[in-house]
Amino acid sequence: MKFWRTPLDVERLKVPRGEVHIIKDRCKGCGFCVEYCPRGALEMSDEFNAKGYHPPRITDETLCVSCNLCEMLCPEFAIFCVLKEEPEPGEEKKVEG
Amino acid sequence: MRADAPAKPAIEHPMESLLRMDRIPHIWCPTCGIGTAVTAFASALEENEIPLDSVSVVSGIGCTGRVAGYMKLDSYHTTHGRAVPFAVGLHLAKPSLKVVVFSGDGDLAGIGGNHFIHTARRNVDITVICVNNFLYAMTGGQVAATTPVSANTSTSPYGNFEQPFNLPLLAQSCGAVYVARWTALHIRRMTKAFGEALNKKGFSFVEVIAPCSTLYARRNRLGTGLDLMKFYHDNSEIRHGADPNDLNIGFQEKIICGKFVDIEKPTFLDSMNECYGKSLGEKYEIYEGAAHA
Ligand code: SF4
Ligand code: SF4
Ligand code: SF4
């Protein structure tokens, strides 16, 4: 993450991590979650679900910061995120990969 | 639980306890915004720790009218336009209930418009959530009391020439004590507004501007609901406390959102008890629940 000015408590802050769950067969492929995920952690897939819609898929789960925006925006109750309970010390640099 | 496992173990969606899962998937079209408003409402109930036994949802007819059937709460699906009078009856019979009307613009401002204005005038202690998609969606996309001028609907094929209602102004001028408007994209603010409205004593009103992809967006060549969400993103302006007279919505014009009214006023039951108490004295027994519970 780039900072305009490094926050004094950057060492102490932990970026939350989320675990995204997609209930594919409930999705109607609206794309709200993909469009508004602030971390670009989702993309539409080519796969078809039971109703013939394209559900989203996770590009890189380490990007997810568990903001729950996808969950709040989804009109189908088809995606949600749970906070991962193993915060890495330091920053996301360590978990990227 | 592996992050990369193709099918993750079935943890329940957090909303499932609040929904009648046997009826999900719901009937709403892809990219319709009503489901998002339902999520925000369910979150508001959770965030405000409102006991679910004390909430009931009343809907009328229409796409949004289906909400009552999907929420796992005491709910009632009334005839067209009659959600508000049913809710008033429910409230008067048991004032300790939080009665929420969750319905569409066609149902509340069109067919049920008269009930709406008189319930606001009397300041009956209920919450009205109006999902405004600018037309009668379920019946085939006819022009509604909220259709912006020049918008195309199935009964305004050359563009609408009628002046639409400005719903926050209507609610405020009739006497509502809480009035807010958000779009389906303002999920967190909408959730907050629902919480405030639920906790407000008196007639509270929240308008939610939501995409109707199948009828409104398609007939007006506006793309999908996602395109409308992007439109809200670029064209909505938050102006708390704005004068309700300035809140008209033109076709594909700026949408002013925010909380416009938040005042205190005696409710219908407060006034009734006060009046009868004064006139009848000892003989009058204060109506149960009317004392500020
Ligand atoms: S929780 Fe937030 S960061 Fe994670 S996938 Fe959803 S929208 Fe993206
Ligand atoms: S927001 Fe929900 S319905 Fe829309 S694409 Fe994402 S998971 Fe599917
Ligand atoms: S017709 Fe419009 S309002 Fe009704 S479910 Fe479809 S998109 Fe939503």
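Reader: In which part of chain B is B:S150 placed?

Author: B:S150 lies in the loop that runs between β6 (142–143) and α6 (167–174) of chain B, where helices (H or I, at least four residues) and strands (E, at least two) are DSSP runs numbered from the N terminus. This is a predicted model, in which local features need pLDDT of at least 70 and side-chain atom pairs count only at pLDDT 80 or more, while totals for chains, interfaces and linings use all residues. Residues are numbered from 1 along each chain as its sequence is written, chains are lettered from A and ligands numbered from 1 in the order in which they are written, and side-chain values use heavy atoms, with hydrogens and water left out.

Reader: How should I read the backbone there, and what is the phi of B:S150?

Author: Most residues other than glycine have a negative phi, and most peptide bonds are trans. B:S150 is not a glycine, yet its phi is positive, at about 80°. With a relative accessibility of 42%, B:S150 counts as partly exposed, given that buried means under 20% relative accessible area, exposed over 50%, and partly exposed in between (1.4 Å probe, protein chains only).

Reader: What is the phi of A:N68, and where is A:N68 placed?

Author: A:N68, also a residue other than glycine, has a positive phi near 65°, and its place is the loop between β3 (56–58) and α2 (69–73) of chain A. Its relative accessibility is 22%, and therefore A:N68 counts as partly exposed.

Reader: Which residues are joined by a cis peptide bond?

Author: The cis bond joins B:I24 and B:P25, with omega at about 5°, and B:P25 belongs to the segment before α1 (34–47) of chain B.

Reader: How do I read a ligand shell, and which residues surround ligand 1?

Author: A residue is near a molecule if one of its heavy atoms lies within 4 Å of it. Around ligand 1 we find A:N68 again, together with residues including A:V20, A:R39, A:C37, A:C64, A:C67, A:C70 and A:C81. By class this shell has nine nonpolar, two polar and one charged residues, where Ala, Val, Leu, Ile, Met, Phe, Trp, Tyr, Cys and Pro count as nonpolar, Asp, Glu, Lys and Arg as charged, and the others, Gly among them, as polar.

Reader: How many nonpolar, polar and charged residues are in the shells around ligand 2 and ligand 3?

Author: The shell around ligand 2 has seven nonpolar, two polar and two charged residues, and among its members are A:C27, A:K28, A:C30, A:C33, A:C74 and A:E76. For ligand 3 the division is eight nonpolar, three polar and no charged, with B:W28, B:C29, B:C32, B:C63 and B:C212 among the residues around it. Helix α8 (residues 213–219) of chain B gives the most to the shell around ligand 3, namely three residues.

Reader: Is A:F80 buried or exposed, and which residues is A:F80 in contact with?

Author: A:F80, in strand β4 (residues 79–83) of chain A, has a relative accessibility of 1% and therefore counts as buried. Contact means heavy atoms within 4.5 Å. Neighbours within four places in sequence aside, A:F80 is in contact with A:E19, A:V20, A:H21, A:I23 and A:E71, and also with B:I11, B:E12, B:H13 and B:P14. A:I23 lies 57 residues from A:F80 along the chain, and their C-alpha atoms are separated by 8.6 Å.

Reader: In what order do the elements of chain A run?

Author: From the N terminus on, the order is β-α-β-β-α-β, which comprises two helices and four strands. Of the 97 residues in chain A, 42% are buried, and among contacts between residues at least 6 apart in sequence, 60% join residues at least 24 apart.
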